[in-house]
Amino acid sequence: MKRLHDDILSLIIAYHTGNCCDAEKQRLEAWVKADAENQRQFRRCLALLHDINLSQKAMASGKVKRLLREPVRRQRLRRAGYAAAVLVAVGAGFFLLDRKSNAPAGNEVIAKLVNDVTLTLPDGSQIVLDRSTENSLVAQQDDIALVRKGDSLVHQKHGGHASATAETKWGVLKVPRGARFGMVLEDGTRVWLNADSHLRFPIAFPGRERRVYLEGEAYFAVAKDAAKPFIVETPQQSLRVLGTEFNIYAYPAETDVYTTLVTGSVMLRSQNVATEIALKPGQQARLSSGSGEYRVTNVDASEVTGWRDGLFVFDNNTLETVFRKLSRWYDFEYVFDDPRARTLEMMGGVPVYDDLAPVLELIGSSGLAEFERKGNQIRIRMKK
């Protein structure tokens with residue numbers, strides 16, 4: 001991590017306390033946009049300053065500057081009292097900065113939401129996992145009971161291990177837009193599925209491997225079994241592990257697939273190119289659907305997995321990408337009337353509200369883009 005100079009620290013502190021003049025804002029903006037490491041440092045310092053909530057006099061002290069220089073691991077975005085976000089315009093993009101006192105009135109942050117999740121059994125029959133199925137037996141498949149516990153579907157095994165020669169019976173869990181849902185597989189692996197995602201999974205894992213198929217986004221905490229590798233297939237890639245935690249973002253409408261490793265190690269193989277790469281914790285592999293090649297970068301894994309904690313997290317995402325993600329949760333259509341608005345960039349986190357209105361209010365407060373909402377459609381343009 002690069003050492004921050006006193007003048008940059010003074011600018012960040014002044015920015016946080018609202019004492020930046022226009023020239024200082026322009027200088028800070030240029031420094032932030034210079035490279036990705038500066039952006040990470042900027043976000044880390046702001047997160048610390050928001051947390052310690054010191055007086056302006058204390059902010060100017062050398063003690064605070066020493067604190068900001070410390071290589072403290074950035075806290076997870078989910079903090080006690082995390083209430084809202086504020087948009088601050090910066091050049092051709094804008095930052096989302098968490099604040100604890102400016103939540104839009106009358107809107108609550110969503111802790112979790114379940115809406116028409118469906119389970120398809122091996123015989124093709126479907127079960128809607130609505131509220132009436134909570135804390136009850138959903139289905140019985142041989143010696144395995146599928147039980148709804150809260151917002152998860154849990155496999156409960158009442159016999160021994162599946163025979164290596166037994167026929168694999170497949171189920172599908174489909175999570176619609178505007179929902180999230182969890183699952184505990186037969187081997188104890190935990191899976192969290194994000195909105196508009198589905199997982200094809202074996203009721204039991206016979207044979208010498210554990211293989212599932214994903215479309216959409218999911219977080220996996222894989223149970224260790226050295227004798228049976230765990231394999232996640234998407235249309236673009238195959239991922240192989242023995243026991244670890246990772247996040248896969250693989251929506252059919254997206255051009256690239258993102259795999260982020262939280263703990264352990266994984267091997268990735270593109271379906272188009274017969275080469276494998278290994279990831280280390282804190283690394284993200286971006287697979288280009290066009291070339292079939294990987295690009296590996298270091299990321300903050302807690303930001304990537306923020307959706308599990310009820311947060312939309314954006315890291316230099318274009319406004320087009322932001323609206324694609326928002327539409328999966330709030331289930332709306334959008335149109336860009338001005339193509340320039342597509343390329344505006346965002347960074348930061350926004351809590352998941354029960355309505356889209358406060359999110360649009362936050363984005364619109366940047367002064368760069370404006371929105372027109374008619375029924376289920378939102379039209380987006382540059383602000384005049």
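Helices (H or I, at least four residues) and strands (E, at least two) are DSSP runs, numbered from the N terminus. Two strands pair if DSSP finds at least two bridges between them. Before going on, a word on the source: this is a predicted model, in which local features need pLDDT of at least 70, side-chain atom pairs count only at pLDDT 80 or more, and totals for chains, interfaces and linings use all residues. Residues are numbered from 1 along each chain as its sequence is written, and side-chain values use heavy atoms, with hydrogens and water left out.

Strand S15 (residues 245-250) and strand S16 (residues 256-263) are antiparallel and share five bridges. Glu245 has Thr263 of S16 opposite. S16 is also joined to strand S19 (residues 283-288), again antiparallel, by five bridges. There, Asp256 has Ser288 in S19 as its bridge partner. As background, strands of a sheet pair through backbone hydrogen bonds, either parallel or antiparallel.

Now the chain as a whole. It has eight helices and 25 strands. Of its 384 residues, 50% count as buried. Buried means under 20% relative accessible area, exposed over 50%, and partly exposed in between, with a 1.4 Å probe and protein chains only. Contact means heavy atoms within 4.5 Å. Among contacts in the chain with a separation of 6 or more, 54% are between residues 24 or more positions apart.

Next, the cores. A nonpolar core is a set of buried Ala, Val, Leu, Ile, Met, Phe, Trp, Tyr and Cys residues joined through side-chain atoms within 4.5 Å. Which residues touch the most other members of the largest nonpolar core? They are Leu173, Phe220 and Phe246, out of 42 residues. Strand S12 (residues 210-221) supplies the largest share of this core, four residues. Leaving aside neighbours within four places in sequence, Phe220 is in contact with residues including Arg190, Leu199, Phe230, Glu245 and Phe246. A second, separate core has 26 residues, among them Phe312, Trp329, Val352 and Val359.

A second hairpin is made by S5 and S6, with two residues between them. Asp142 in the turn has a positive phi of about 55°. Strand S5 covers residues 136-141, and S5 pairs with strand S6 (residues 144-149) in the antiparallel sense over five bridges. Gln140 faces Ala145 in S6 across the pair. Apart from neighbours within four places in sequence, the contacts of Gln141 are Leu121, Pro122 and Ile203.

Further along is an open sheet of three strands, in the order S22-S25-S24, with mixed pairing. Its edge strands are S22 (333-336) and S24 (369-374), each pairing on one side only. On average, neighbouring strands of this sheet are turned by 25° against each other, direction ignored. Axes are lines fitted to C-alpha atoms, for helices over the stretch in contact, and angles run from 0 to 180 degrees between N-to-C directions. S24 and strand S25 (residues 377-382) run antiparallel and are joined by six bridges. Lys374 stands opposite Gln377 in S25. Helix H7 (residues 319-330) packs on the sheet and touches S22, S24 and S25, its direction making about 165° with that of S22. Helix H8 (residues 357-364) also packs on the sheet, touching S24 and S25, at about 155° to the direction of S24.

Helix H2 (residues 22-34) has 13 residues and should span 18 Å at 1.5 Å a residue; its end C-alpha atoms are 18 Å apart, which agrees. The expected span is 1.5 Å times one less than the number of residues. The buried residues of H2 are Leu28, Trp31 and Val32. They cover an arc of only 100° around the axis, which puts them on the same side of H2. The arc is that of the directions from the helix axis to the C-beta atoms. On the other side of H2, the exposed residues are Asp22, Ala23, Gln26 and Ala34.

Phe42 sits in helix H3 (residues 36-52). Phe42 is buried, with a relative accessible area of 1%. Its C-alpha atom is separated by 9.2 Å from that of Leu9, 33 residues apart along the chain.
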